[in-house]
Amino acid sequence: MDRLHQYFDPAFVWEYRDYLIDGLVVTLMLSALTFAFAILPGFIVALGRRFGPKWLATLLAGIVNVLRSVPTVLTVVFIYLALPFIGLTLSAFASVLVSLTIMQIVYFSEVFRGGLAAVGKGQYEAAYACGLSRMIVLRKVVLPQAALVAAPAFASSLVLLVQNTSIGSAVALNDLIGAALTVQNISGAPSPLVAAAIGYLIIILPLVRLTRRWERSMAKAI
Amino acid sequence: MDALAHHFFNWDALWRSRTMLLQGAVGSLQLGLATLMFAPLFGIVVLALARSPWAPVRKAAEWFTDLMRAFPLLVFLVLTFYLLLPLLNLRVDPFIAAAVAFSLKHGVYFAEIYRSAWLAVDRGQFQAAHSLGLSTFRTIQLVVVPQVLLIVLPPFTSQATLILRDLPLAFIIGYFEILTGARAAQVFVRNASPLVGAIIAYGATLILLQWAAGRVEAYSKRRLEA
């Protein structure tokens with residue numbers, strides 16, 4: 001018990017709560033802003049790949065594939081440490097936000113694309129045969145079905161989003177884990193790390209459980 | 001344009017940082033190979049626990065899986081290094097910590113790959129094998145495993161690309177891999193070319209792996225349909 005106490009001391013965490021709460025705020029802000037900036041472009045990219053002309057679909061597919069291959073942490077470090085050489089200086093927060101947004105557009109577009117692809121050709125043909133316009137078909141027929149199929153993948157892309165914010169500590173951004181590492185550096189005690197880990201779990205674990213439940217009910221439905 | 005070439009594509013700077021970059025690449029490679037060895041093995045353990053006849057064990061495996069999915073890899077690396085290894089009285093070494101963290105985190109995904117492959121084998125195959133008089137063990141050995149291997153191959157390769165993409169995160173516990181090497185070199189030569197070099201090397205390797213994964217998938221599809 002003493003041993004455990006040495007690794008997690010609530011009184012000690014309480015003492016440094018201001019650092020940790022500031023870190024938590026940075027993590028939450030980063031997640032919310034990335035979500036806000038990425039969701040619409042992600043949707044547009046998915047629409048472009050599904051309904052756009054062939055050249056556009058190929059181009060977007062190529063870009064998505066290349067971007068998927070680059071680790072986010074490398075782009076963060078690149079924006080933060082390399083762009084200043086050509087006179088483009090971004091703060092740590094902005095560097096992380098830009099890379100996370102680009103990555104998340106890619107993830108979201110893949111999620112939406114998967115949903116759209118799951119709606120069969122017959123659905124469009126039937127809807128057009130009923131005399132519905134393109135917009136109405138998309139809104140009333142395709143998207144509701146696509147949303148249902150894409151829901152579990154969407155939840156896991158949100159998990160990835162929050163997880164990826166932790167990359168901020170690569171450029172000395174004091175997000176939740178960054179702040180915990182700073183406190184741990186000052187004090188030499190691992191307690192703040194445990195507190196930060198619990199913080200991440202509180203945000204992410206419900207999403208993971210939700211994904212599991214949705215995946216199960218989908219498997220049953222199919 | 002000249003500034004761009006000078007700062008980002010400077011051969012001289014790249015050449016002077018070759019030892020650091022090479023050392024980093026070797027570090028990444030070692031960690032990648034260790035993970036590719038242990039994560040699939042650990043996946044088998046997780047799957048075995050998840051399919052155990054005792055409900056509490058199954059429940060524990062499920063929660064373990066969800067915990068592993070929930071922790072950001074970077075946070076889990078830190079936890080392994082500062083908490084898990086000391087608590088287990090193991091030698092605290094960045095390489096061991098990184099290998100353990102990567103294997104646990106990715107092992108869970110391998111378990112998922114095996115599970116869906118097992119489910120993908122048609123139940124009729126079991127019945128057919130039984131009616132031919134094969135024992136359960138023989139059925140698994142001669143009928144199930146060859147099919148499972150073919151089904152598992154494509155997701156296995158794509159998981160390998162994901163492992164490769166995660167490797168740079170090991171910098172957080174001071175493991176010397178390609179990103180650490182590139183950053184050290186950048187400070188040393190005061191030029192961003194090592195970083196650009198590392199990114200290009202990474203992108204090229206990953207695109208190559210993705211291409212290979214596509215080929216593997218096509219092969220497996222062909223064989224399964226034959």
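**Exercise 1.** In this predicted model, find what share of the contacts in chain B between residues at least 6 apart in sequence join residues at least 24 apart.

*Solution.* Start with the contacts in chain B whose partners are at least 6 apart in sequence, and then keep those that join residues at least 24 apart, which gives 78%. Next, turn to the elements that make up the chain: chain B has 10 helices and zero strands. Finally, consider burial, for which a residue needs 20 or more other C-beta atoms within 10 Å of its own; buried residues make up 38% of the 226 residues in chain B.

**Exercise 2.** Work out what span the 27 residues of helix α6 of chain B should have, and compare it with the distance between the end C-alpha atoms.

*Solution.* The expected span is 1.5 Å times one less than the number of residues. For helix α6 (residues 94-120) of chain B this comes to 39 Å, and because the end C-alpha atoms are 39 Å apart, the two values agree.

**Exercise 3.** Describe the side of chain A that touches chain B, by element and by class.

*Solution.* First count the residues: the contact takes 33 from chain A and 34 from chain B. Then list the elements of chain A that give two or more residues to this side, namely α4 (54-69), α5 (72-82), α9 (176-187) and α10 (191-221). The largest share, 11 residues, comes from α10(A).

Definitions and conventions:
Residues are numbered from 1 along each chain as its sequence is written. Chains are lettered from A and ligands numbered from 1 in the order in which they are written. This is a predicted model: local features need pLDDT of at least 70, side-chain atom pairs count only at pLDDT 80 or more; totals for chains, interfaces and linings use all residues. Two residues are in contact if their C-beta atoms, placed from the backbone, lie within 7 Å. Helices (H or I, at least four residues) and strands (E, at least two) are DSSP runs, numbered from the N terminus. Ala, Val, Leu, Ile, Met, Phe, Trp, Tyr, Cys and Pro count as nonpolar, Asp, Glu, Lys and Arg as charged, and the others, Gly among them, as polar. A residue is buried if 20 or more other C-beta atoms lie within 10 Å of its own, exposed if 12 or fewer, and partly exposed in between; C-beta atoms are placed from the backbone.
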